[in-house]
Amino acid sequence: MATVIARLVCALILVFAAHFAGAADDSERALEQRVKAAYLYRFTEFIAWPDGAFAAADAPIVIAVAGASDGVAAELAQLTAGRTVGGRRIEVRRVTEAVLGARPVHLLFIPASERARIGQLARAAPKYAVLVTESEGALAQGSIINFVIVEGRVRFEVALAAAEKREVKLSARMLAVAQSVRSGP
Amino acid sequence: MLWRIGYSVRSKVLALMLASTLAALLVAGAALIAYDVRTHYERWASDLTTQAEILGGASIAALAFDDRRVARENLDLLRVRPQILAAAIYNTRGELFASYTQAGIPEREFPRPPFGSGVDVKDGDIEIFHRIVENQREQGTVYIRARYGLLGRIADYVSILGLVFGLSLLAAFVMSAWLQRAITRPIADMSQVARHVMESRDFSLRVKKTTRDEIGYLVDAFNDMLAEIGRRSQALLTADRMKDQFLATLAHELRNPLAPISNALHLLEAADGKPEVAAEARRMMARQVKQMVRLVDDLLDVSRITTGKLVLHRELVELRGVIENAVEIARPVIDSRGHRFTVELPPQEIYLTGDETRLAQVFSNLLNNAAKYTQPGGDMALRAEVAADEVRVTIADNGMGIAPDVLPRLFEMFTQGDAAVDRTVQSGLGVGLALSRHLVRMHGGSIEAFSAGVGRGSRFTVRLPIASRHDAAAPGASARDETRQPTQRILVVDDNQDFATSLAMILRDLGHEVRVEHDGIAGVAAAEAFQPRIAFVDIGMPGMSGYDVARTLRANTRTGAIVLVAITGFGQETDKLRTQEAGFDHHIVKPIDPATLPALLHEIASTAADRRTMDRTAR
């Protein structure tokens, strides 16, 4: 009987532990998305787009998030509400491949859930759009900035050649804090 | 050194230079330090602000992307600046993001950043909080703490100032050495000589002149003053010695006649029934009294000369009369010593403007001297000659002469030759020649002495200006023929019975009618009763003074026209003024030389005539 109870307790503890572990996993994910949203917003401060990237002097900086359901977009919208960078508002949009290219996009975040379509989205994206991804090997597929997790912290790596191709300049200060900078293709 | 400041100019100059140098350095040093404290702070503040700005700018991305490593790397670059002790970067929430502490410095807890930027100095360190702003957004805060080092800096300054002061001190010493040569040494020399002079009374010392500035001038003036003081003290000594000699001579000379007078008195007492003895005694007394009167007269003249109160009664006088007068006075001495004496005068009459009595005094002095300083039986000559507008009277003798060293100061007061060769001759006071020269000069003339040396005789020449013919024309004839005057009524009032009686006797002898009274009241009564033409009134009388007598007589119409003659022992101008104010016509100083009485009466008679004329015209 005692052993039954002990087993039961053990089982209960395991269930709870599993439950709590899952919960921790969820909250970690949310934190990561919040950090990434913040980084996306801050990237706009360190990226210089050519004049042709904007239709007007007060045209907004458009951050597009690919995919239908990613927490990053919501975080971003909340974070950038009412804020400006270099006198420009920040507009956050969810996009699909179909609408890409129709309207200007300055920063395109492709979450991990869309990793399969990176190459496709890269080709479809407007000329000045800076692709930000969070998938390993994304830089080889046309991404300029790729989030990585190093020692539990959100870092990013940069592909300079891709940025040059899209005629955008990344601040040296940003490059200084990049995990790695690739200058070749 | 300080304790010597009060004692020498040199140390004063040195102290002055040091004090001014020190004051200038202190002021300059204080100003420099004050300025540096300010600029030190400003420099540090701006330096740290720049540093923080650069650090912040470099760390924006690190803050943005939460890269503490990069931020720390940025901070680590500060190790090249050892003054910076610690630094930190805070994120926007005020949490410590990255920090740096210089190696070897103990770690300290970093402070919470304040709201905003600011520089603060505390515990010898300077701290700055600088907000990083980019895109109008606060990105974080940079904190830097550095060693402020103000005290050390001030200490550096003070030590530099100390060094400068030391060098200045050295320079001041060098300059004071130079100054000493240029300024203080001449002064020191002068004060040293002054001290020597004061100690030794040696006025022949002189300060050497080394500079041509004010001090050189001072040295010259000082030397001149020394010379002048030397001359004066010498002159004072000489004068003092002469005066001592004079006093001794005076006492001796005044004492001399007293012995024969005393003897004569004894003779008189013992001369009962021997008229020739009494007569001889009287003659002896008369001679001695005359000598004393002469001495005292000389004394009075000396006093008048030294006080500048010798007055001449100028009139037109004929030279022959003056010479005759002088010869008459000197005759007894000349004859007593058995000299051969010749007088040679020009044939024409020579008139001079001057005081007859004084001129006679001059020549009689010279004749007396010639007689006295010539061995008995010598030769004497007086010779007058006219040269242009002056007359030259030369008195020569073949006596003992004058030593060449005495000659230059022969005419100075109290100078006297060696005692007369013959003890029987009165040697006098040594004022005769000085008086003579003074009188001659007052007459516009000059006097000179010549002698070939001791034992070779002497020669005195007096030059006097001749009065012009115009002046000479009038009085000539009338002046001399009134020697014999008509009989006058004369009243003598004097409480000194001897004087009054003797004067009355002399006047009676001259043929006048004389009445004598011995006090003022009786005198006034007598004047009214007796109705004299002339009244001799003594001033100092008991009861009624001479002044009162004169006023009373003048106030009475019956006695108002009497010629009043004051007789007094006082001969100063103020005395004369007083008698004149009281109503006197004349002022005679006692004693009266009987020989001068006729001339005096003549003069009085003429003023009396004037007076009557004036009275008549007044009425």
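Two strands are taken to pair if DSSP finds at least two bridges between them, and the elements named below are DSSP runs numbered from the N terminus, helices being H or I of at least four residues and strands E of at least two. The model is predicted, with local features needing pLDDT of at least 70 and side-chain atom pairs counting only at pLDDT 80 or more, while totals for chains, interfaces and linings use all residues. Residues are numbered from 1 along each chain as its sequence is written, and chains are lettered from A and ligands numbered from 1 in the order in which they are written.

**View 1. An open five-stranded sheet in chain B.** The strands follow the order β2-β1-β5-β4-β3, with antiparallel pairing. At the edges lie β2 (96-101) and β3 (118-122) of chain B, each of which pairs on one side only. Neighbouring strands are turned by 15° against each other on average, direction ignored, where axes are lines fitted to C-alpha atoms, for helices over the stretch in contact, and angles run from 0 to 180 degrees between N-to-C directions.

**View 2. The pairing of β4 and β5 and the helices on the sheet.** Strand β4 (residues 125-134) of chain B is joined to strand β5 (residues 137-147) of chain B by ten bridges in the antiparallel sense, and B:R131 has B:T141 in β5(B) as its bridge partner. Helix α1 (residues 9-64) of chain B packs on the sheet and touches β1 (84-90), β2, β3, β4 and β5 of chain B, its direction making about 135° with that of β5(B); residues are in contact if their C-beta atoms, placed from the backbone, lie within 7 Å. Helix α2 (residues 68-76) of chain B also packs on the sheet, touching β1 and β2 of chain B, with its direction at about 30° to that of β2(B).

**View 3. The crossing of α7 and α8 in chain B.** The axes of helix α7 (residues 319-336) of chain B and helix α8 (residues 356-372) of chain B come within 8 Å and cross at roughly 35°. Residues of α7(B) including B:V322, B:A326 and B:I329 belong to the contact, as do residues of α8(B), among them B:L359, B:F363 and B:L367.

**View 4. Confidence at the ends of chain B.** Chain B averages a pLDDT of 83, with 91% of the residues scoring at least 70, pLDDT being the predictor's confidence in each residue, from 0 to 100. Over residues 1-5 of chain B the pLDDT is below 50, and this stretch has five contacts in the model beyond near neighbours in sequence.

Definitions and conventions
Contact = placed C-beta atoms within 7 Å.
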